[in-house]
Amino acid sequence: MKTYRADLHIHTLLSPCGDLSMTPANIVSEALRKKLDIIGITDHNSTRQAGLVGMLGAREGLFVLQGAEVSTREEVHCLVFFENSAELELFQEYLDDNIPAVMNDPLIFGDQVVIDEKEYIIYTEEKLLTNATNISIGELEKYVHARGGLFIPAHIDRMRTSIYSQLGFLPEDLNADALEVSKRSTPEKFSRIHPEIKAYPLITNSDSHYPESIGTVYNCLEMKELSFGEIKMALKGIDGRRIRKKC
């Protein structure tokens with residue numbers, strides 16, 4: 001087994017709250033500088049910039065989980081990831097069909113652009129990506145797991161856009177691959193307030209919107225190799241794979 005450093009919550013410049021310096025090349029460069037092995041690309045309600053980060057990361061030996069941070073109908077933020085580009089494209093269609101037609105105002109919310117490898121803008125998202133979708137948290141979980149993806153409610157300790165702030169409780173039948181506690185707390189601290197979260201794997205990520213915050217916190221995953229399947233097994237603690245406290 002080897003231990004890998006993973007920061008699974010990073011926004012690119014596509015997210016309106018993401019700084020324009022969060023280009024795919026800058027993200028990969030900073031992740032490598034911070035000695036990360038795995039990163040997760042999680043733009044708000046969009047997967048359109050994840051593919052390029054994945055391609056650039058693969059060239060440098062950086063494993064990139066590709067997905068999105070989805071805002072459910074209840075305004076609960078959830079991280080979702082898929083193993084391949086075909087599933088990612090299908091999920092993007094699903095998001096496009098379920099995000100309200102409320103237009104973005106870049107002067108108020110920020111730019112929402114996709115760039116290519118040469119850093120030319122190739123697409124501008126007109127709909128405001130930070131809106132809640134029409135997808136309930138239950139519907140999202142079922143969609144993701146039916147397609148072999150990972151489903152992780154985000155920053156559950158936050159006072160807004162978290163499962164506790166929006167629902168007020170952790171559903172007993174929640175089928176989550178892990179729960180994310182923000183870097184403002186720790187899994188140990190938050191589990192003292194909500195001991196029920198101990199039933200799930202707990203992770204902490206940077207939720208980066210600026211290059212310098214990438215890797216400020218990370219998870220230590222003990223696995224045989226870098227792969228989607230191994231990451232899934234490490235989160236679930238299967239066959240010796242696990243989340244370590246330190247690495």
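Which residues is Leu-140 in contact with, leaving aside its neighbours within four places in sequence? The views below start there. The model is predicted.

**View 1. Leu-140 sits among the most connected members of the largest nonpolar core.** Leaving aside its neighbours within four places in sequence, Leu-140 is in contact with Val-70, Thr-72, Cys-78, Val-80, Phe-91, Ile-135 and Phe-151. The largest nonpolar core has 42 residues. Ile-39, Phe-91, Leu-140, Phe-151, Leu-174 and Leu-179 touch the most other members. A second core is separate and holds 18 residues, including Leu-79, Phe-81, Ile-152 and Leu-235. In soluble globular proteins, nonpolar side chains tend to be buried together.

**View 2. Seven strands form an open sheet with mixed pairing.** The strand order is S7-S4-S3-S2-S1-S10-S11. Why is one side of S7 and of S11 left without a neighbour in the sheet? Strand S7 (150-153) and strand S11 (242-244) stand at the edges, and each has a single partner strand, so one side of each lacks a neighbour in the sheet. From one strand to the next, the twist averages 30 degrees. Strands of a sheet pair through backbone hydrogen bonds, either parallel or antiparallel.

**View 3. Strands S3 and S4 pair in the antiparallel sense, with helices packed on the sheet.** Six bridges join S3 (residues 63-71) and S4 (residues 77-82). Gln-66 has Phe-82 in S4 as its bridge partner. Helix H3 (residues 85-98) packs on the sheet and touches S3 and S4. The direction of H3 makes about 15 degrees with that of S3. Helix H8 (residues 228-236) also packs on the sheet. H8 touches strand S2 (38-41), S3, S4, S7, strand S10 (219-223) and S11. Its direction makes about 110 degrees with that of S10.

**View 4. Strand S2 pairs in the parallel sense with S1 and with S3.** Three bridges link strand S1 (residues 2-10) to S2. Ala-6 has Ile-38 in S2 as its bridge partner. Between S1 and S2 the chain passes through helix H1 (residues 24-33), and this β-α-β crossover is right-handed. Four bridges link S2 to S3. Here Ile-39 stands opposite Val-64 in S3. Ile-38 and Gly-40 point one way from S2, while Ile-39 and Ile-41 point the other way. All four are buried. Ile-39 is also one of the residues that touch the most other members of the largest nonpolar core.

**View 5. Helix H2 packs its buried residues against helices and strands.** Which residues of H2 (residues 50-59) are buried? They are Ala-50, Leu-52, Val-53, Gly-54, Leu-56 and Gly-57. These residues pack against H1, S2, S3, H3 and strand S5 (113-115). An α-helix has 3.6 residues a turn, so residues three or four places apart point the same way. After H2 comes Gly-61. The phi of Gly-61 is positive, near 80 degrees.

View 6. Not counting residues up to four places away in sequence, His-77 touches His-44, Glu-69, Val-70, Ser-71, Pro-153, Ala-154, His-155 and Thr-161. Val-70 is also among the contacts of Leu-140.

**View 7. Cys-220 and Cys-247 form the one disulfide in the structure.** The two sulfur atoms are 2.2 Å apart. The torsion about the S-S bond is about -65 degrees, so the disulfide is left-handed. Cys-220 lies in strand S10 and Cys-247 in the segment after S11, so the pair ties together parts that are 27 residues apart in sequence. Are the two cysteines buried or partly exposed? Cys-220 counts as buried at 3% relative accessibility. Cys-247 counts as partly exposed at 40%.

**View 8. Cys-17 is too far from the closest cysteine sulfur for a bond.** Cys-17 is partly exposed, with a relative accessible area of 32%. Cys-78 is in no disulfide. Cys-78 is buried, with a relative accessible area of 0%, and is among the contacts of Leu-140.

Terms used
Residues numbered from 1 in each chain as written. Predicted model: local features only at pLDDT ≥ 70, side-chain atom pairs only at ≥ 80, totals over all residues. Heavy atoms only, no water. Pairing = 2+ DSSP bridges. Helix = DSSP H or I, 4+ residues; strand = E, 2+ residues; numbered from the N terminus. Axes fitted to C-alpha atoms, helices over the stretch in contact; angles between N-to-C directions. Contact = heavy atoms within 4.5 Å. Core = buried A, V, L, I, M, F, W, Y, C linked by side-chain atoms within 4.5 Å. Buried < 20%, exposed > 50% of the residue type's maximum accessible area, 1.4 Å probe, protein only. Disulfide = S-S within 2.5 Å. Right-handed = clockwise from strand over helix to strand, strands pointing away.
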